[in-house]
Amino acid sequence: MTRSSGAGRKRDLARVKTVKIYPAIGVARLGNSTTSFFIGPERPGDRTPPAGGYKDARCRVRRQAARFRVYGFDAAGALVGEITAADAKIEWTVHLANRKADARQFDALNANAPLRNSAAIPNVAPVSDRAQLVIDPGARTLTAPHQSALFDTGMFLGSPVALGEMRTDRNSRLLVLGGFGTSASPTGLPLTTFANNDRWYDDVSDGPVTAKVRIGPSRLMTASPSWVICAPPDFAPAVESVTSLYDALFQIFVDKGWIAEPNPPSLTRDVWPILRRALDIERTSMMASGKHQAAIAAAFPGVGAANQAGRDAVLAKVNNPTNPDVDDADMPMLWSDVYTPGKGETMTRVQYNVLTHWQVGNAIDDWTGAEPAPPSAITPDGLTRAALEACVGGPFYPGIEASWFLRDTYSYLEPFRLDASKLQAGDVTKQMAVPWQADFTDCTQDGELAWWPS
């Protein structure tokens with residue numbers, strides 16, 4: 001909200017009635033570089049590598065920081081602008097935790113699976129106090145620019161585990177960084193499964209991000225909270241999942257009537273991103289390689305009668321979400337949440353509707369011949385979309401950044417903003433594989449990378 005004059009800033013501040021944190025869900029990523037990090041994507045569609053690349057001079061993976069900002073809105077809910085240290089005193093609080101070892105086992109879409117670390121292990125003492133399975137260093141608070149705090153006091157079965165850190169920059173924007181990819185078994189047990197290894201931990205985490213904003217001497221406002229996920233690295237950052245986490249959550253809010261799906265869809269904004277992602281996964285999956293290129297090239301971008309056969313051919317390749325366990329089409333070329341052998345993952349109903357509108361010619365023909373450049377401005381909703389479009393929205397087996405709980409179980413205050421009052425720090429990642437490296441390693445053994453090649 002910074003203005004060229006103090007008077008202009010004060011007039012804008014007087015209009016502010018509510019404040020919110022964006023992105024509504026932010027995503028940090030682990031890395032083993034101790035010398036540098038980079039800030040995650042903040043504009044939708046921006047896949048530009050960070051300055052210096054994704055690895056440091058010793059080829060160690062740089063951590064991705066999630067950057068959070070506070071925005072002010074007027075009485076009608078219209079955006080006034082960003083609030084920074086030039087406008088107000090911002091007090092940030094973050095609580096990170098890892099609850100994987102105390103959670104239920106991952107077992108497809110089964111919410112009633114047995115607890116991890118509940119089975120007897122030969123020659124290993126049972127866990128008498130399950131609180132020792134939760135890595136929870138507690139909350140940390142920063143009250144001014146250029147401050148930092150470590151989440152370094154958590155323990156797992158008596159072993160210290162650091163989960164990352166938080167920092168404020170010169171504008172009092174918040175940076176959250178996750179851990180360094182550390183995982184271990186204090187009792188020296190081997191890895192035996194892709195998801196449910198007892199007596200193991202890793203330093204994945206998640207939790208609420210809150211802020212208090214003091215404007216002048218008397219106005220103290222509590223911001224609508226955000227959530228941060230400190231997830232494993234993305235080793236193919238330019239390749240997005242056909243169904244991103246943004247798409248998966250967007251479907252929830254369409255179903256709730258909070259958001260309208262595009263009708264008619266835009267060739268540029270809606271149709272092409274789906275097709276481009278289907279093409280991109282061919283670069284990282286032998287199973288998908290060569291499956292979609294010819295069909296998409298024959299069909300896109302036209303909406304007229306001349307390429308009707310091409311559009312029909314593309315739709316014939318797409319799994320219909322209304323019949324996901326029967327349809328054996330091959331786009332996207334991925335396994336599904338329910339893991340029925342030979343049956344593929346589906347797109348969301350919104351994505352499928354976008355393609356069916358295009359199939360019958362009901363699409364805005366705004367294609368200029370090339371994918372448009374990312375927006376130049378950073379916006380509140382754009383921050384959320386940019387963060388979530390870089391995440392896996394299916395299949396959740398168990399997923400990479402979050403599990404199907406985020407899609408099917410947890411409550412929201414508004415689109416993409418979790419109801420933090422109904423969650424604990426660590427809830428979003430608790431059903432994920434423990435340790436995360438076991439899931440990555442196991443999936444490479446499939447050879448064809450049929451789970452989440454992006």
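Select L267, D270, V271, I274, L275 and R277 in helix α3, then Q351, V354, L355 and W358 in helix α6: these two sets of residues meet, contact being heavy atoms within 4.5 Å. By class, the residues of this α3–α6 contact are seven nonpolar, one polar and two charged. Here Ala, Val, Leu, Ile, Met, Phe, Trp, Tyr, Cys and Pro count as nonpolar, Asp, Glu, Lys and Arg as charged, and the others, Gly among them, as polar.

This is a predicted model, in which local features need pLDDT of at least 70 and side-chain atom pairs count only at pLDDT 80 or more, while totals for chains, interfaces and linings use all residues. Residues are numbered from 1 along each chain as its sequence is written, and side-chain values use heavy atoms, with hydrogens and water left out.

**Helix pairs**

Now show the whole of α3 (residues 267–280) and α6 (residues 349–359), which pack at an angle of about 110° with their axes 10 Å apart. That makes α3 roughly perpendicular to α6, the class for angles of 65 to 115 degrees. Axes are lines fitted to C-alpha atoms, for helices over the stretch in contact, and angles run from 0 to 180 degrees between N-to-C directions. Helices (H or I, at least four residues) and strands (E, at least two) are DSSP runs, numbered from the N terminus.

On the α2 side the contact has D247, F250, Q251, V254 and D255, and on the α6 side R349, V350 and Q351. This contact has three nonpolar, two polar and three charged residues.

Select α7 (380–389). Eight of its 10 residues are buried, that is, under 20% relative accessible area with a 1.4 Å probe and protein chains only. The buried ones are P380, G382, L383, T384, A386, A387, L388 and E389.

Next go to C391, in the loop between α7 and α8 (404–408). C391 counts as buried because its relative accessibility is 1%. Leaving out residues up to four places away in sequence, C391 touches V27, R29, S241, T243, S244, L245 and E401. For a distance check, pick C391 and S224: they are 167 residues apart in sequence and 23 Å apart in space, C-alpha to C-alpha.

P395 lies in the loop between α7 and α8. A cis peptide bond joins G394 and P395, with omega about -5°.

**Cavities**

G394 and P395 also line the second largest cavity, together with S241, V242, I281, L334, V392, W451, W452, P453 and S454. A cavity is a set of points on a 1 Å grid over the protein atoms alone where a 1.4 Å probe fits but cannot get out, and lining residues have an atom within 4 Å of a point. This cavity holds about 40 Å³ of space, a volume being the space filled by probe spheres set on the points, with grid points joined across faces, edges and corners. Its lining has eight nonpolar, three polar and no charged residues.

There are two cavities of 30 Å³ or more. For the largest, select K100, V204, P232, G399, I400, M432, A433, W436, D439 and F440. The volume of the largest cavity is about 60 Å³, and its lining divides into seven nonpolar, one polar and two charged residues.

**Helix α9**

In α9 (residues 436–444), the buried residues are W436, A438, D439, F440 and C443. Part of their cover is β14 (201–202). In the loop between β19 (417–418) and α9, select P435; a cis peptide bond joins V434 and P435, with omega about -10°.

**Two positive phi angles**

Finish with H146, in the loop between β7 (139–142) and β8 (148–151). H146 is not a glycine, yet has a positive phi of about 60°. Is H146 buried or exposed? H146 counts as exposed at 62% relative accessibility, the cut-off being over 50%.

S172 sits in the loop between β11 (164–168) and β12 (174–177). S172 is not a glycine either, and has a positive phi of about 65°. At 3% relative accessibility, S172 counts as buried.

Definitions and conventions. Angles under 35 degrees count as roughly parallel, over 145 as roughly antiparallel, 65 to 115 as roughly perpendicular and the rest as oblique. On a 1 Å grid over the protein atoms alone, a cavity is a set of points where a 1.4 Å probe fits but cannot get out, and a pocket is an open set with protein on both sides within 12 Å along at least five of seven lines; lining residues have an atom within 4 Å of a point.
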